[in-house]
Amino acid sequence: MLTSTICAAVSAAGLGIAALTAYRKRFLAATRIAAFSLVPIGLVLTGIVDWLTDVVFKPSVWAGFGILALSALLFMVSRVAERRRVGGGRKERTAAEAGAQRDAMAPGASAPSLGPGRGASRPQGKAKKSADGEDFSDIEAILKKHGI
């Protein structure tokens, strides 16, 4: 009863402010204020306010929330215990995932191709010296080592 009286007073005050705003020729703002001010009385008329006050002021409802929180806590503890027992930590799981990806590929799929590519016209011998006289043989050796 008290909550419905408070909500009606809030709605009436909001509609009064909306009327003053409309008087100042700010109709868009007045419409928004009127819309917001009608929400509390709408909640009272639908019964949501009574339901909320029943939820807040009943000890049995709070006991139910406590039991739900205990259930969630027990669920999380069991998940942590299961991970420690079975899968180990994050490092072990990422290593296992990497191993599964490696096993999923064909055996020779990760080996680099050592043959000449399409349209390769240069010899596979030593690297040529550039016009400046620099020798890129060490860079070419590194690239060959990595299969590039």
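Author: Start with the nonpolar surface patch of about 630 Å², made by Leu70, Leu73, Leu74, Phe75, Met76 and Val77. Patch residues have over 30% relative accessible area and no salt bridge; like charges are joined within 9 Å, nonpolar side chains (Val, Leu, Ile, Met, Phe, Trp, Tyr) within 5 Å. A salt bridge is a side-chain nitrogen of Lys or Arg within 4 Å of a carboxyl oxygen of Asp or Glu. Areas follow the Shrake-Rupley method with a 1.4 Å probe, and for residues only the protein chains shown count as cover.

This is a predicted model: local features need pLDDT of at least 70, side-chain atom pairs count only at pLDDT 80 or more, and totals for chains, interfaces and linings use all residues. Residues are numbered from 1 along each chain as its sequence is written, and side-chain values use heavy atoms, leaving out hydrogens and water.

Now take Leu73. Leu73 sits in helix α4 (residues 59-85). Helices are DSSP runs (H or I, at least four residues) and strands too (E, at least two), numbered from the N terminus. Leu73 counts as partly exposed because its relative accessibility is 47%; buried means under 20%, exposed over 50%, partly exposed in between.

Step back to the chain. It has six helices and zero strands. Of its 148 residues, 9% are buried. Its accessible surface is about 12,700 Å², and carbon and sulfur atoms hold 66% of that.

Last, confidence. pLDDT is the predictor's confidence in each residue, from 0 to 100. The chain averages 80, and 69% of the residues score at least 70.

Methods. Buried < 20%, exposed > 50% of the residue type's maximum accessible area, 1.4 Å probe, protein only.
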